[in-house]
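Me: I'm new to this one. Can you walk me through it in short answers?
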2 protein chains.
Amino acid sequence: MTAGDPGDVVELAHGSGGRAGNRLVENVFRPLLGNPWLDRADDGAVLEPDAAGGAAASLVMTTDSHVVSPLFFPGGDIGRLAVCGCVNDLAMMGARARWLSAGFILEEGFPLSDLRRIVASMAEACQEAGVAVVTADTKVVERGKGDGVFITTAGVGTRLPGQSPEGAGARPGDRILVSGTLGDHGITVFNAREDLGLESSITSDTAPLGGLVEALFQAVAPGAVHAMRDPTRGGLGAVLNEIARQSGVGMVLDEAALPVSAPVRAACALTGLDPLYLANEGKCVVVCAPDQADAALQALRAHPYGRGAVIVGEVIADENRFVRLNTPFGGQRLLDWLNADPLPRIC
Amino acid sequence: MTAGDPGDVVELAHGSGGRAGNRLVENVFRPLLGNPWLDRADDGAVLEPDAAGGAAASLVMTTDSHVVSPLFFPGGDIGRLAVCGCVNDLAMMGARARWLSAGFILEEGFPLSDLRRIVASMAEACQEAGVAVVTADTKVVERGKGDGVFITTAGVGTRLPGQSPEGAGARPGDRILVSGTLGDHGITVFNAREDLGLESSITSDTAPLGGLVEALFQAVAPGAVHAMRDPTRGGLGAVLNEIARQSGVGMVLDEAALPVSAPVRAACALTGLDPLYLANEGKCVVVCAPDQADAALQALRAHPYGRGAVIVGEVIADENRFVRLNTPFGGQRLLDWLNADPLPRIC
């Protein structure tokens, strides 16, 4: 289906980080709402109030709706996720998150005790991230017209000096780093939802990455960080393909270098899921100048949320914008976009 | 029920503009998330980036989730509503809306043609209001876990000079103005939802009020506008009681002066609904200094969205913070808070 015919309907795939979701943006949202900010297709929008507005600094604004199911899972819940999702989008834009908004859509019959747990978890995450929910709204829908609680957060942050990462910033020769193991969040939520009884040591990595990004920025030369993304929906596969497309480059990764924990690897083997397409909620991908890659790696590893950081590959010139994996056996395979996310409602 | 016991569940009343919704904020959100911005209980948050942030101007941020049912109704749809809701909250804070975010929660199976209509309507409203949706997100939930589409918008605006309206700003002697007829939106949505077949001339007033507010500000002396609110959920009754509570004042209204169109009045008579508690989406309440009330009235009436403006009453000293109506028969009745909104999912 093409998301172009009037008779089409929304499908679960449209909510994924893969092609169908992208097509929905291209065919529906961008033609109708397009403007210089949306057209950049970054995780947020750099706000530059003009002289009439009286402000000088670059502000960044972002938003994410959260519909994760189940609402509570090892290592987090929808509240922690809603704060971290917004903070991390701002961090990936090179901004320090300052102010959040939160819109709650609650289902009639949802236990208040659960709501309290969720809001408390938001407050805790806000404290850790140094942000405040400065305005909020609540709506309630009838039983059967929602699913417990959905939370949409928006955030505004101030851009950090020295670096201007953007999706279109990757250049041939750049190194590609990931800040730690891949797939933990996706497998955790899947396990909790399906009650698979997998390895109990698997927990979500949901965390605010503002501090990690600031440490990185302080450790490298001005302008060295060319692109950053948090590999949430669609995982590493989705974000690398996004950056490759936006920057007009290719990428080659060393498959053996990609960090996946043993329990996640085992769970993936059992379920047939690929960790490279699973969501992460406390990891980032950094594309940086080659001569700054070691400094970047050390800075990430020195931070609690970046201990497992590794250099996983390199940006190359490639007009096809392919993301390729060098396999441990000397072969090469394509890390393509997924057409549909195998795990809906993961965030 | 008190929204305080662990065994309580969310009820439809919690989404209303009345007491139960207020209790939810007081018992759940504020204790856990409270900060100087949230505690003011205004429609949005004034952002004042400090020197470290590098910005000087006061920015305002706001958010609203939209779950109106049906999605399309005479005079508007959820898309127009989602833009106007945000723009109007900023206008009521004395800010010119600049940047919006939008988070869409779509139900599997929702027709793309309907989604396109909705997004087109957002774009049209954005153009009219002079704002842009600068960042957006989409999630999809399974059939039966949502209801077509929910839209959460957040907005950031720059504060206009000259006036600093706030919920706590009303003072005894101030005049109370409303910008036009009351109840149109509420009755329209109710009629469309229940298929009552009421008077077809009734349409929603959904409109962006930024221009109206700027015209008002230009017409009155600096500092003359003490409080503004758009009477959405819970209607005039809710917002006047909110302002009275926040400002520590009472109010007396002239019931005969309250503008309600003949078709809305007839529909209310038929359904038993009270227009003073019905939602409006293109009206504002202005509380201003008495010597500026006539200038304010003329400015409102000169604008297309304020043609029906009238002075409806006066702020008085009253430690009970009562809002009273002088009836046409020489009596007086209390315009109390509603405990639960009679019409859920009105916006």
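Me: In β14(A), which residue is the bridge partner of A:Asn326?
Reply: A:Gln332 is the partner of A:Asn326 there. Keep in mind that this is a predicted model.

Me: How many bridges join β13(A) to β14, and which way do the strands run?
Reply: Three bridges, and the two strands run antiparallel. Strand β14 of chain A covers residues 332–334.

Me: What do β13(A) and β14(A) form, and how many residues sit between them?
Reply: They form a hairpin, with five residues between the strands. A:Gly330 is in the turn, and its phi is positive, about 85°.

Me: What pairs with β13(A) in the parallel sense?
Reply: Strand β10 of chain A, residues 250–254, over four bridges. Within that pairing, A:Leu253 stands opposite A:Leu325.

Me: Which residues of β13 in chain A are on the covered face, and which on the uncovered one?
Reply: A:Val323 and A:Leu325 are on the covered face. A:Arg324 and A:Asn326 are on the uncovered one.

Me: Over to chain B. What is the strand order in its open sheet?
Reply: Seven strands, in the order β9-β11-β8-β12-β10-β13-β14. The pairing is mixed.

Me: Which are the edge strands?
Reply: β9 (225–229) and β14 (332–334) of chain B, and each of them pairs on one side only.

Me: What does the twist average?
Reply: 25° from one strand to the next.

Me: Which helix packs on that sheet, and what does it touch?
Reply: Helix α6 of chain B, residues 210–219, touches β9 and β11 (285–288) of chain B. Its direction makes about 170° with that of β9(B).

Me: How many bridges join β10 to β13 in chain B?
Reply: Four, and those strands run parallel. B:Val252 has B:Arg324 as its bridge partner in β13(B).

Me: New topic: charges. How many salt bridges are there over all chains?
Reply: The count is 29.

Me: What does B:Asp64 form a salt bridge with?
Reply: A:Lys139, with the closest N and O atoms 3.9 Å apart. B:Asp64 lies in strand β2 of chain B and A:Lys139 in strand β6 of chain A, so the pair joins two chains.

Me: Are B:Asp64 and A:Lys139 buried or exposed?
Reply: B:Asp64 counts as buried, at 12% relative accessibility. A:Lys139 counts as buried too, at 4%.

Me: Which side chain meets A:Lys283 in a salt bridge?
Reply: That of A:Asp205, at 3.1 Å from N to O. A:Lys283 lies in the loop between α8 and β11 of chain A, and A:Asp205 in the loop between α5 and α6, so the pair ties together parts 78 residues apart in sequence. Both residues are buried.

Me: And what about A:Arg345: what does it form a salt bridge with?
Reply: B:Glu142, with the closest N and O atoms 2.7 Å apart. This pair crosses between chains, from the segment after β14 of chain A to the loop between β6 and β7 of chain B. A:Arg345 is buried, at 6% relative accessible area. B:Glu142 is partly exposed, at 24%.

Me: Which residues do salt bridges that share partners join into one network?
Reply: A:Asp64, A:Arg233, B:Asp137 and B:Lys139.

Me: Last topic: helix α7 of chain A. How many residues does the helix have, and how far does it reach?
Reply: It has 13 residues, 235–247. From first C-alpha to last, α7 reaches 19 Å, close to the expected 18 Å.

Me: How many of the residues of α7(A) are buried?
Reply: 12 of the 13, so α7(A) is largely enclosed by the rest of the structure. Among the buried ones are A:Leu236, A:Val239, A:Leu240 and A:Ile243.

Me: What covers the buried residues of α7(A)?
Reply: The cover includes β8, β9, β10, β11 and β13 of chain A.

Me: Which residue follows α7(A)?
Reply: A:Gly248, and its phi is positive, near 70°.

Conventions
Residues numbered from 1 in each chain as written. Chains lettered and ligands numbered in written order. Predicted model: local features only at pLDDT ≥ 70, side-chain atom pairs only at ≥ 80, totals over all residues. Heavy atoms only, no water. Pairing = 2+ DSSP bridges. Axes fitted to C-alpha atoms, helices over the stretch in contact; angles between N-to-C directions. Contact = heavy atoms within 4.5 Å. Buried < 20%, exposed > 50% of the residue type's maximum accessible area, 1.4 Å probe, protein only. Salt bridge = Lys/Arg side-chain N within 4 Å of Asp/Glu carboxyl O. Expected span 1.5 Å × (residues − 1).
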